[in-house]
Amino acid sequence: MKAKFLIPLALFGVLVVFLGVGLRLDPREVPSPLVNKPAPAFKVTQLEQPEAFFAAEDMKGKVWLFNVWASWCVACRQEHPVLMNFARKQLIPIVGLDYKDQRKDAIGVLRRSGNPYDFVAFDGDGRVGIDYGVYGVPESYLIDKAGVIRYKHIGPITAEAMEKTIIPLINELKKS
């Protein structure tokens, strides 16, 4: 009879342990199954030149940052000054992916706030984002010379993340 009362108590204890472990995890460090795998191939139109195309393959031989953003994204506005400062350093190309957006809205944001990107690919229907496992913007991917994703950053890139994580990794990737 006592065992029946201990079962719910034991289940509650297990639940508390799982919740405690979960609360200590950093939501920005969600493991991506794409890290250390070839970046998904794509070919889409450019944001400001719908007649011109951009493909991930165009970046082979270069280390590059692939930043998924949208004009409607509030967190992307927080990240924008960090990308602008990074672009001034000209360490690597930055490719933007305008995700599930309207061309005119995205072009307006870049004209008002500045354009940190070397290229901006347009993903109006979100298919490229799906291939990259995007579930929220902004998200950024650091891709090596061979086209392999080496790092994924979820959420807005901060100046601290750029200096402590991304730039050191860029320097390592450029050596190889």
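Q: Quick one to start: is lysine 152 buried or exposed?
A: Lysine 152 is buried, because its relative accessible area is 11%. Buried means under 20%, exposed over 50%, and partly exposed in between, with a 1.4 Å probe and protein chains only.

Q: What kind of model is this?
A: The model is predicted; local features need pLDDT of at least 70, side-chain atom pairs count only at pLDDT 80 or more, and totals for chains, interfaces and linings use all residues. Residues are numbered from 1 along each chain as its sequence is written, and side-chain values use heavy atoms, leaving out hydrogens and water.

Q: Back to lysine 152. Which residue does it meet?
A: Glutamate 139. Their side chains form a salt bridge, 3.3 Å from N to O. This pair links distant parts of the chain: glutamate 139 is in strand S6 (residues 139-143), and lysine 152 is in strand S7 (residues 149-154), 13 residues apart.

Q: What counts as a salt bridge?
A: A side-chain nitrogen of Lys or Arg within 4 Å of a carboxyl oxygen of Asp or Glu. Side chains of opposite charge can pair when their charged atoms come close.

Q: And glutamate 139, buried or exposed?
A: Glutamate 139 counts as buried, because its relative accessibility is 0%.

Q: How many salt bridges in the whole structure?
A: A search finds 7. One of them joins glutamate 160 to lysine 164, with the closest N and O atoms 3.2 Å apart. Both residues lie in helix H5 (residues 159-175), 4 residues apart, about one turn of the helix.

Q: Which residue pairs with aspartate 125?
A: Arginine 127, with 3.4 Å between the closest N and O atoms. Aspartate 125 is partly exposed at 47%, while arginine 127 is exposed at 61%.

Q: New topic. How many helices and strands?
A: The protein chain has 5 helices and 7 strands. These are DSSP runs numbered from the N terminus: helices (H or I) of at least four residues, strands (E) of at least two. Along the sequence, the pattern reads α-β-β-β-α-β-α-β-α-β-β-α.

Q: What share of the chain is buried?
A: Of its 176 residues, 46% count as buried.

Q: Now helix H1. What about leucine 15?
A: Leucine 15 sits in helix H1 (residues 2-23). At 47% relative accessibility, leucine 15 is partly exposed.
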